[in-house]
Amino acid sequence: MIHCEGLVKIYKSADLEVVALQGLDLRVEQGELMAIIGNSGSGKSTLLNMLGGLDKPSAGKLTVDGKDLLTFREKNLVKYKRESVGFVWQNNARNLIPYLTALENVELPILLRGKRRKARALELLDAVGLSHRVMNRLSELSGGEQQRVAIAIALANEPRLLLADEPTGSLDTSTSNQVLDLFRTLNRTIGITIVIVTHDPMLARKVDRVVQIRDGKTSAEMIRKAYYSDELAELAAESVQKEAESHIEYAVLDRAGRLQIPAGYLDNDSFKDSNKVRVEMEDGRIVLYPSENRKTS
Ligand SMILES: Nc1ncnc2c1ncn2[C@@H]1O[C@H](COP(=O)(O)OP(=O)(O)OP(=O)(O)O)[C@@H](O)[C@H]1O
Ligand SMILES: [Mg+2]
């Protein structure tokens, strides 16, 4: 579904250049439910904007659903934004119109006319579990309900890819769990590919794969070991992260052979003193040893 290679984004203003993505590699398969995590400023929203066709990459390769987003013409881009991707933002002021009802909000973006449009809007609101609130104005709905209206809107034109930037950022834990469960259900029932950007380690535990961005590059990747259903009960009871235990950690190896060692691994003192490691091949494994700082003559 998504293929990024060496993706670069540079923001230029009068006296400043910011390199927001510096050669990012990422592949996402069709039907995946995955999360992108990373510190503030690491380039997560920038990446999402590129994927959604809201902004153009500066260099590299980017194809989404077989479409090359670097060479896309303006006209095709409009069609792509309208029909191929759905967006959900953290702040639902960006998704919704407060003085309209839930139903009217969902009807707006649907590219159908008359009765079919209303039927489709009702169907979408039902899919996100809001059939009982369709006639309420947005201002009468809770934060979690509003976010579900936003998800219904994002699904309106049957996109193949759903992009969500901090979708639970302004919700409390139990409400954000409901929104996540909805993502999960949609992913499983209609097979839509979902990419969620988040700071929330609990959220990251609820998806199949987590990719970490650091300084505009993918630096580590975790793929789920256990099945979601097995963990749900346990999750409810727990409070904090155990990410590393629920996922296998992968580092990303790029084509040039560069590898970013995941955070924490190098805290060991023997690795701290030097910027070199000794690399050896042992039984088909590549092993890194701290370099021995012996002086040679
Ligand atoms: N329109 C823009 N013009 C100039 N610089 C920008 C623009 N958008 C983002 N940046 C810069 O690019 C870098 C990456 O920003 P981005 O918004 O992608 O980070 P992020 O990972 O989404 O952070 P956060 O978690 O805080 O939302 C930052 O240094 C940011 O200041
Ligand atoms: Mg952001």
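Two strands are said to pair if DSSP finds at least two bridges between them. The model described here is predicted. On that basis, four strands form an open sheet in the order E2-E1-E4-E5, with antiparallel pairing.

**The sheet**

- Strand E2 (16-28) and strand E5 (67-68) stand at the edges with a single partner strand each, so one side of each has no neighbour in the sheet.
- Strand E4 (residues 59-64) pairs with E5 in the antiparallel sense over 2 bridges.
- Lysine 67, in E5, is the bridge partner of valine 64.
- Helix H1 (residues 44-51) lies across strand E1 (2-13), E2 and E4, and runs at about 115 degrees to E1.

**The nonpolar cores**

- In soluble globular proteins, nonpolar side chains tend to be buried together.
- The largest nonpolar core holds 41 residues, and those touching the most other members are Val106, Leu125, Val149, Ile151, Leu162, Phe183 and Ile196.
- Several elements each supply at least two residues of this core, including strand E3 (33-37), helix H4 (114-127), helix H5 (143-154), helix H6 (173-190) and strand E8 (193-197).
- The largest share of this core comes from H5, with 6 residues.
- Another core, of 29 residues, lies apart from the largest one, and among its members are Met1, Val28, Leu48 and Leu161.

- Leaving aside residues up to four places away in sequence, phenylalanine 183 touches Ile151, Leu162, Ala164, Pro167, Ile194 and Ile196.

Terms used:
Residues are numbered from 1 along each chain as its sequence is written. Chains are lettered from A and ligands numbered from 1 in the order in which they are written. This is a predicted model: local features need pLDDT of at least 70, side-chain atom pairs count only at pLDDT 80 or more; totals for chains, interfaces and linings use all residues. Side-chain values use heavy atoms; hydrogens and water are left out. A nonpolar core is a set of buried Ala, Val, Leu, Ile, Met, Phe, Trp, Tyr and Cys residues joined through side-chain atoms within 4.5 Å. Buried means under 20% relative accessible area, exposed over 50%, partly exposed in between (1.4 Å probe, protein chains only). Contact means heavy atoms within 4.5 Å. Axes are lines fitted to C-alpha atoms, for helices over the stretch in contact, and angles run from 0 to 180 degrees between N-to-C directions.
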